[in-house]
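Q: Could you take a close look at one part of this structure for someone new to it?

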Amino acid sequence: MSSRDLLLGRLRAALAAGGPQVPVEVPRDYRHGGPLDLDRFVARLIDYRAQVHRVSEDAVADTIAAILPAGATVVVPPGLPSGWLPSTVTVRPDHDLDNGRIAAADAVVTAAAVAVAETGTVVLDGSPDQGRRVLSLLPDRHVCVLRTAQVVATVPEALARLTPQRPLTWISGPSATSDIELSRVEGVHGPRTLHVVLLP
Amino acid sequence: MTHTFLGMPSTAPPGVGHLRGTEPFPSAARRSLADPQLRRNLGHATATIRARSAGMIAEVPDWQQLREAGRAIKTDVMARLPELLEQLEARVTEAGAVVHWAADATEANRIVTDLVRATGSERVIKVKSMVTQEIGLNEALVAAGIAPVETDLAELIVQLGDDRPSHILVPAIHRNRAEIREIFLRAMPGVDPGLTDEPAALAAAARNYLRQTFLTTKVAVSGANFAVAQTGTLAVVESEGNGRMCLTLPETLITVMGIEKVVPTWQDLEVFLQLLPRASTGERMNPYTSMWTGVTPGDGPQAFHLVLLDNGRSAVLADPTGRQALHCIRCSACLNVCPVYERTGGHAYGSVYPGPIGAVLSPQLTGVADNASLPYASSLCGACYDACPVKINIPELLVQLRDQAPHPRAEAAAMAAAAYTMDHPRLYEAAQRAVRLSRLAGRRGCALPPPLDGWTASRDLPDPPAQTFRQWWAGR
Amino acid sequence: MRIALFVTCLADTVFPEAAKATVRLLERLGHEVVFPAEQTCCGQMHVNTGYQREALPLIRRHVRTFDPYDVIVAPSGSCVGSVRHQHPLVARRAGDDRLAGRVEDVAARTYELSELLVDVLGVTDVGAYYPHRVTYHPTCHSLRMLRVGDRPLRLLRAVRGLDLVELPDAEQCCGFGGTFAVKNADTSTAMLADKMRHVLSTRADVCTASDASCLMHLGGGLSRLRTGVRTVHLAEILAATERSAITGERTAVRP
């Protein structure tokens with residue numbers, strides 16, 4: 001008998017021992033959406049120490065130029081709109097960059113798949129303008145460019161927009177820990193600085 | 001593999017893992033209570049997180065509806081556990097991963113050890129995971145010549161300090177910044193001798209220490225917060241980014257999960273992703289949540305193994321009331337509000353699962369005889385039930401487990417005699433008179449005989465009244 | 001209204017003043033109080049210590065005794081909580097669904113004193129007079145099992161002469177927990193020490209609550225340390241009047 005059969009047999013016996021099963025109806029009367037409040041989104045991002053820049057699409061490159069020092073090395077996913085990148089930085093598109101090169105970069109610029117206003121969260125799903133998970137992980141600065149149409153009010157709306165089979169990274173502020181006396185410290189292993197550039 | 005009668009629900013075997021303490025709760029607690037540094041650290045930490053969590057929960061207008069939904073989803077999961085696990089296995093396998101089934105801690109440790117050996121790696125990086133602590137995986141790996149490196153800051157503090165975790169979420173909650181600095185200075189290779197006790201500096205030291213390890217280790221071991229049967233998606237909820245490192249950088253990922261972590265549908269995550277961060281760290285959302293489904297070509301580990309663990313869970317499932325304990329999403333809200341935990345800390349509970357949830361989960365996983373003092377480690381104040389984001393009725397479970405626990409013979413005789421007396425009003429009245437006389441015979445505040453002397457060690461007994469209520473009533 | 005008194009074994013034996021005060025208060029408000037003499041103990045001690053089988057006859061006795069009455073009151077949140085939440089549970093686990101139905105029926109007619117006064121009798125000013133500085137400890141079972149909320153505080157605020165001071169960290173357990181105070185005496189004492197610290201910080205003369213058991217624990221500690229703070233059951237405060245103060249009628253139990 002395999003462990004699989006043993007385990008499933010045990011579980012079926014356990015359920016049988018507990019008497020007849022009553023089907024469970026899950027009450028779903030919690031909120032599934034709500035009015036989108038962009039100011040709240042921005043406030044929640046700032047509350048978790050993300051830096052927010054609300055600019056028009058043609059100002060993205062200038063905004064990034066102001067965020068990153070001249071000459072900074074920036075890794076980017078291959079599908080990132082090239083117009084977003086300023087000429088002041090050295091751009092390294094991810095064509096199989098090794099981890100050492102990515103870790104050595106000063107920053108990463110990505111787009112995002114969806115964002116949640118209520119929690120100040122952006123979600124990356126590995127699309128060509130967001131790239132492999134490692135890109136947004138190793139550099140110390142993450143600049144995430146987001147369109148207003150990608151922002152939803154609540155967590156349920158965000159999940160409904162996402163494709164489960166894609167690798168997903170939910171990001172709410174920079175890396176942080178509460179492990180020392182339960183006080184929040186920003187910046188442990190992931191990027192220590194998160195910039196969100198919010199487009200109309 | 002343990003050879004029990006085929007298919008019968010089975011408790012976690014002794015001799016492996018960390019579900020059993022070495023001494024009863026009262027004597028372990030006595031030591032903790034006498035440690036002023038521990039008391040101060042715990043008092044500060046639990047008060048901080050209680051306040052923060054309460055504030056975040058107050059922001060959510062539908063918190064109670066979310067709790068009800070969370071409870072119902074988990075109730076449904078338990079009722080359909082075998083079929084959901086089979087569905088999960090099918091989806092995860094289709095997505096390019098390998099699923100393993102482990103009947104107990106010994107088997108899970110063997111599976112993981114063999115998988116690591118097959119990669120040729122002599123080191124694994126680990127994401128904080130309760131279940132791998134439960135089964136004693138680190139000890140098994142070390143015995144096989146494989147070095148496990150804990151990458152969560154608190155777990156690292158515990159590992160470097162040669163200590164034991166004392167909290168589900170914040171395993172080093174019993175340490176303050178000065179103690180953590182000392183541990184780092186003593187045990188962290190290459191640490192800056194000028195390290196201060198600023199939390200930011202301590203976190204930076206961990207970052208520097210672990211960075212190369214993350215980049216050069218080929219195998220990672222994680223737990224899972226949720227596994228979606230419908231899609232085969234796994235989710236790990238974390239803060240520091242060490243989880244992302246482990247789930248992204250290595251070539252091989254091994255995830256060990258308790259079978260109760262499965263949820264039926266993708267949509268169900270909308271409930272738990274709202275409940276968990278606010279109840280646990282008191283955040284609207286934790287900094288990072290990773291979700292992955294099998295293997296993604298070109299992104300992340302290209303070999304993924306999922307180990308599904310029983311280790312006593314089938315025995316818990318067999319009790320229709322007791323199985324509520326399997327609903328736990330490991331947020332640790334019940335620890336943070338528990339007046340007992342706040343004063344004794346986690347080590348007193350012996351098991352890796354401390355606090356109120358530990359007091360109902362550990363005895364059920366091991367069989368109550370092996371953790372017989374834990375169901376009594378509560379004043380039944382009910383704060384845990386109110387705090388639980390999935391509404392586990394912990395006080396009810398405590399009372400039930402007390403009923404199943406082995407009782408001291410003298411106590412059992414006394415309780416039976418008391419019940420008999422109380423079921424006979426004439427005897428009861430005689431006993432009331434006897435209580436009064438014995439109390440009048442002694443001095444006010446005098447000591448009671450064992451086992452009741454704990455009471456009078458720190459409290460006076462009330463004056464015996466001139467007459468009982470029923471005497472007064474009869475004489476009106 | 002005809003009200004049956006569920007006195008509780010602890011009040012009957014050790015704290016009769018709380019029970020007598022309940023009787024006096026309800027009679028003063030114009031109600032008839034009856035005392036079913038066959039009652040003994042609700043079995044809470046047995047259930048909480050892990051002796052459900054032994055508790056079963058006590059639960060049967062409780063139901064038999066109180067079944068004939070429409071309104072039942074106890075000066076104890078804990079014992080009412082036991083009747084409401086534990087009795088059905090124990091009956092069901094014993095496989096006695098008929099008993100479970102009967103206990104639920106009795107439980108629905110059983111009230112803690114502040115619930116009876118505010119919800120059933122619709123009164124918050126009971127005409128009491130109690131010229132003391134008082135702090136109120138909301139006992140766990142009143143607070144979290146019965147959800148009595150601010151009912152006791154509303155009653156206390158209406159008492160003439162009473163100076164009500166808020167207790168810091170009021171919602172934390174005092175550390176009694178019945179069998180807990182015996183089996184885990186050290187932890188219980190640590191919890192008690194913090195509760196006493198908060199009580200003393202209010203500079204109140206009197207600490208009140210709706211549970212004689214918690215008051216026995218708190219009062220025992222306050223007495224041992226000779227703090228001079230008395231513990232007085234809520235019923236005794238509500239039963240006190242100008243007249244009882246003048247005639248020197250006993251209104252409080254010494255710790």
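**The cysteine-rich annotation and its surroundings**

A: Happy to! An unreviewed UniProt entry annotates residues 3-82 and 134-218 of chain C as "domain: Cysteine-rich"; UniProt positions are given here in the numbering used for this model, feature names are shortened, and annotations may be inferred rather than shown by experiment. The model is predicted, so local features need pLDDT of at least 70 and side-chain atom pairs count only at pLDDT 80 or more, while totals for chains, interfaces and linings use all residues. Residues are numbered from 1 along each chain as its sequence is written, with chains lettered from A and ligands numbered from 1 in the order in which they are written.

Residues 3-82 of chain C are 56% helix and 11% strand, with end C-alpha atoms 19 Å apart. Residues 134-218 of chain C are 49% helix and 12% strand, and their end C-alpha atoms lie 14 Å apart. Helices (H or I, at least four residues) and strands (E, at least two) are DSSP runs, numbered from the N terminus.

Now for the meeting with chain B: 56 residues of chain C and 51 residues of chain B take part in the contact, where two residues are in contact if their C-beta atoms, placed from the backbone, lie within 7 Å. Helices of chain C that each supply at least two residues to this side include helix 2 (16-28), helix 4 (52-66) and helix 11 (185-201). Helix 12 of chain C gives the largest share, 7 residues. The side of chain C that touches chain B has 27 nonpolar, 19 polar and 10 charged residues, counting Ala, Val, Leu, Ile, Met, Phe, Trp, Tyr, Cys and Pro as nonpolar, Asp, Glu, Lys and Arg as charged, and the others, Gly among them, as polar.
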